[in-house]
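Here is a short report on aromatic pairs and strand packing. Please read it alongside the model.

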Amino acid sequence: MKLSQFKFKLPETKIAQYPTLNRDEAKLMVLHRETGEIEHRLFKDIIEYFDEGDALIFNDTRVFPARLYGNKEKTGAKIEVFLLRELNEELRLWDVLVDPARKIRIGNKLYFGEDNSMVAEVIDNTTSRGRTLRFLYDGPHDEFKESLYALGEAPMPDDVRKLRSTEPEDLERFQTIYATNEGAVTAPSTGLHFSRELMKRMEIKGIEQAFITLHAGLGNFRAIDVEDLTKHKTDSEQMIVPARACEIVNKAKKQGKRVCATGATVLRATETAAGPEGILKEFEGWTSKFIFPPHDFTVCNSFVVNFQLPLSTMLMLTCAFGGYDAVMTAYHEALQGDYKFGTYGDALLIL
């Protein structure tokens, strides 16, 4: 398929700037693949589509405050630094993006905080925008991380940032209630709809909960610059599929139950770790899997995901799972109705 097939007009008024007051009260559209039937529900009604022994898979990655603002030595020029991942704990090395990149050279020092208490030195240029920074901090690592994160803010995606400024509450809003393993620079947004009450109701009903980790990066949000999707390459992301998740998922599959991926990161992770006959295997490593139609999914037979932006890799993955025509019909209905799109947007359940 071609990039242009995933283009549609999305008014800014359709992009959610804030989550719903109660996490599980966003809108939920339900698409039945076999019949094409569409239902309109609230997200908390998702429990009605799953029974005892079914399994939902969640991504338990935790977002850290990755966006910092500093000043360049001598000139005082304001520099935005986006932390991507820690490269070396002992040496305090971080892979980062800087903006504006043209102002930063190897050897430059950057100062952070009102009192310039955090200092970093540029030691490598890795890409046109990327750099490796060495933070000059002599204290214990835990103390360093605490100090570094205290200077950061929630790494809100551009579709929200261009509509409003970042707020102190954003980091909590941008975190799933089950976030455990730190390492993501963007939230697995579909998981934001799950409340503690909803998770408890699922547990009482006997719906199994399996947790994997995929540290979501910025690659999912980078613009695709090729019309031929087979030529697009995505950034690698670190992921872990533990034995317990495999036990839960494979038991449900063996019993002919529903196995549902919660969000695009989970669907990509399970397809990466899929073994023969759709068995989920333990996995620890990296994935750069890019899924677009057509694709035969072997692990999950249902999928819940937010309404995505035009031309996004997440929209392509959704179309691969639900079928291009059926999903685009659902999107047309969402656009005509009162559905919101994006990170804080409403959700689509595909059965």
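## Aromatic pairs

Rings of Phe, Tyr and Trp (its six-membered ring) pair if their centres lie within 6.5 Å; planes under 30 degrees apart count as stacked, over 60 as edge-to-face and the rest as tilted. This is a predicted model: local features need pLDDT of at least 70, side-chain atom pairs count only at pLDDT 80 or more, and totals for chains, interfaces and linings use all residues. Residues are numbered from 1 along each chain as its sequence is written, and side-chain values use heavy atoms, without hydrogens or water.

One aromatic cluster is formed by Phe-8, Phe-307, Tyr-331, Tyr-339 and Phe-341. The count comes to 21 aromatic pairs. Phe-64 and Tyr-149 are stacked, because their ring centres are 5.4 Å apart and their planes are at 15°. Both Phe-64 and Tyr-149 are buried (under 20% relative accessible area; exposed is over 50%, partly exposed in between; 1.4 Å probe, protein chains only). Phe-112 and Phe-135 make a tilted pair, 6.1 Å centre to centre with 40° between the planes.

## Strand 16

Strands are DSSP runs of E, at least two residues, numbered from the N terminus. Strand 16 (residues 302-306) is largely enclosed by the rest of the structure, because five of its five residues are buried. Ser-302, Val-304 and Asn-306 cover one side, Phe-303 and Val-305 the other.

Strands pair if DSSP finds at least two bridges between them. Strand 14 (residues 259-262) runs parallel to strand 16, joined by three bridges. Thr-262 stands opposite Val-304. Strand 17 (residues 347-350) pairs with strand 16 in the antiparallel sense over four bridges. There, Leu-348 is the bridge partner of Val-305.
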